[in-house]
Amino acid sequence: MRVVKTFYIETFGCQMNAHDSEKVIGTLVARGYSQVATPEQAELVFYNTCSIRDKAEQKVFSRLQQFKKEHGKGKTFAVLGCVAQQEGERIFEKAPHVSLVCGSASYNRLPEMLVQLESGNRRVTGLSLDTDETFDTPLTRRDNPHRAYITIIEGCDKSCAYCVVPFTRGPERSRASASIMAEAGELAAAGYTEIQLLGQNVNSYRDPSPAGWDFATLLAHVGRTPGIRRVRFTTSHPRDFVREIVDAIDANPSLCNHVHLPVQSGSTRVLEAMQRLYTRDDYMRRIEWIKSARRPIAITSDIIVGFPGETEADFEETLALIEEVEYDSIFSFKYSRRPNTPALALGDQIPEEEKGRRLAVLQERQRAIQVRRNATYLGRVEECLVEGFNKATGQWIGRTSQNKTLNFIRPARNAEDNLLGSYIEVKVTRAGPNSLAGESVH
Ligand code: SAH
Ligand code: SF4
Ligand code: F3S
């Protein structure tokens with residue numbers, strides 16, 4: 001039996017999936033596999049999948065379909081992530097050329113599953129959700145040389161009526177604070193300056209070790225890691241968002257001026273049907289805390305339109321809410337029916353066309369809000385982490401603490417100065433709906 005040595009991996013879905021892939025890559029490389037840039041070159045092809053909406057789920061099956069003809073040519077196909085967990089062994093029926101199906105709660109077992117594959121096993125699965133382990137690995141291969149992800153909590157214990165995540169990622173498991181702090185220290189020593197703490201619901205972080213830190217305490221400690229200049233966190237669930245988080249941001253300059261606080265709907269009636277566990281008023285109270293911080297904090301959100309039973313009046317409440325909050329940006333989605341979820345049982349589905357109309361109206365309103373919000377940055381000086389250079393426009397691509405893209409030129413310097421990874425003060429001279437532009441001030 002020839003040992004598989006080259007692999008290709010494609011990742012779909014959220015940042016947790018992106019970070020899981022970094023860990024999987026590290027694990028594979030440590031076992032002697034080498035990563036290649038295309039599936040054609042690879043002996044082992046991994047898809048790390050997302051199931052959040054129907055379209056996301058379809059992507060993996062269309063990828064697998066493209067490679068059906070490769071079956072028998074020595075390629076091995078592996079499906080990881082949320083579709084793997086959701087569909088389980090059904091994937092072998094839908095795509096018989098797949099050999100490995102493994103959900104994120106079983107990644108600790110990947111090395112042993114690879115051994116089974118290498119020894120000729122045709123079908124290997126890792127589908128148990130019954131674990132209190134988190135997937136921590138010192139072998140992570142990070143994509144970005146300046147910003148690093150740290151998973152602090154896996155899974156989700158909420159049961160939002162539309163959402164597959166509790167089924168695809170299992171119950172909530174928090175990671176011990178000492179392990180998180182150790183990773184933060186190692187990242188700083190390795191030259192990373194920005195840390196992004198990850199979890200489906202970071203606010204419900206609860207340190208399992210005797211230290212017993214809550215999320216705000218963890219934030220404050222990570223924010224004081226020497227060498228770390230920026231700390232971000234995502235996602236915050238409004239129900240568990242406490243005032244202490246805003247206090248921690250106020251007290252620690254390294255905690256970024258940005259909170260992503262998904263509201264989903266502006267109508268209390270719809271929020272109740274979604275089982276979100278807060279009302280519109282509860283949500284707006286949290287927005288007031290954020291707005292009364294000493295630093296101006298950017299606020300972003302996720303919104304679903306066309307949840308079953310959403311009336312025109314409910315939708316109007318969402319429109320009014322985005323005007324009231326004045327979000328810096330939003331991700332907005334048409335409701336998508338998902339397997340196993342409680343919302344499947346609800347009647348009164350909104351027609352696809354009407355969902356599309358509501359989404360377009362919402363996005364148009366939000367665009368106008370962003371034009372307004374971003375215009376308030378004109379003339380301001382913002383610190384940017386430089387993330388890239390756009391050869392076509394001659395502009396550096398920076399990111400502000402508020403998580404806004406700020407493209408800038410540096411008039412007084414040589415174009416070949418390498419600014420990547422540095423922090424530069426930039427004066428904003430132009431503002432569009434999706435980004436800012438300016439000039440460095442020195
Ligand atoms: N844990 C995060 C969200 C993770 S999923 C939270 O609770 O906020 C990211 C976003 O996808 C959600 O905020 C929601 O807006 C959207 N989403 C989730 N399930 C969906 C579905 N069935 N249809 C449409 N959008 C969905
Ligand atoms: Fe899904 Fe709700 Fe959990 Fe977020 S909090 S992952 S929307 S169930
Ligand atoms: Fe998708 Fe799973 Fe993330 S469903 S959004 S990859 S948790």
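1. Basis. The model is predicted, so local features need pLDDT of at least 70 and side-chain atom pairs count only at pLDDT 80 or more, while totals for chains, interfaces and linings use all residues. Residues are numbered from 1 along each chain as its sequence is written, chains are lettered from A and ligands numbered from 1 in the order in which they are written, and side-chain values use heavy atoms, with hydrogens and water left out.

2. Helices α7 and α8. Helix α7 covers residues 177–189 and helix α8 residues 215–223; their axes come within 10 Å and cross at roughly 25°. Helices here are DSSP runs of H or I with at least four residues, strands are runs of E with at least two, and both are numbered from the N terminus. Axes are lines fitted to C-alpha atoms, for helices over the stretch in contact, and angles run from 0 to 180 degrees between N-to-C directions. The two helices are therefore roughly parallel to each other, a term for angles under 35 degrees. The crossing of α7 past α8 is right-handed, meaning that the near helix is turned clockwise from the far one by less than a right angle. S177, I180 and M181 of α7 meet L218, H221 and V222 of α8, where contact means heavy atoms within 4.5 Å. This contact has 4 nonpolar, 2 polar and no charged residues. Ala, Val, Leu, Ile, Met, Phe, Trp, Tyr, Cys and Pro count as nonpolar, Asp, Glu, Lys and Arg as charged, and the others, Gly among them, as polar.

3. Helices α11 and α12. Helix α11 (residues 280–291) packs against α12 at an angle of about 15°, with the axes 11 Å apart. This pair is therefore also roughly parallel, and its crossing is right-handed. On the α11 side R280, Y283, M284, I287 and K291 take part; on the α12 side, E317, A320, L321, E324 and V325. The contact of α11 with α12 divides into 6 nonpolar, no polar and 4 charged residues.

4. The barrel. A barrel is closed by 5 strands in the order β15-β16-β17-β19-β18, with mixed pairing. From one strand to the next the twist averages 50°. Two strands pair if DSSP finds at least two bridges between them. Strand β15 (residues 381–390) runs antiparallel to β16 (residues 395–400), joined by 6 bridges, and V386 stands opposite G398. On β18 (residues 423–431), also antiparallel to β15, there are 5 bridges to β15, with V381 opposite K427. β18 in turn pairs with β19 (residues 436–440) in the antiparallel sense over 5 bridges; A431 faces L436 there, and 4 residues lie between the two strands of this hairpin.

5. Ligand shells. Around ligand 2 are C156, K158, C160, Y162, C163, V165, P166, Q200, H237 and R276, each with a heavy atom within 4 Å of the ligand. By class they are 6 nonpolar, 2 polar and 2 charged. Ligand 3 is surrounded by C14, N17, T49, C50, S51, I52, C82, R169 and Q200, which gives 4 nonpolar, 4 polar and 1 charged. Q200 is listed in both shells.

6. Backbone details. The peptide bond from T234 to T235 is cis, with omega near 5°; T235 sits in the loop between β11 (230–234) and α9 (243–251). E326 is not a glycine, yet has a positive phi of about 60°. Its place is the loop between α12 (312–325) and β14 (329–334).

Conventions: Parallel < 35°, antiparallel > 145°, perpendicular 65-115°, else oblique.
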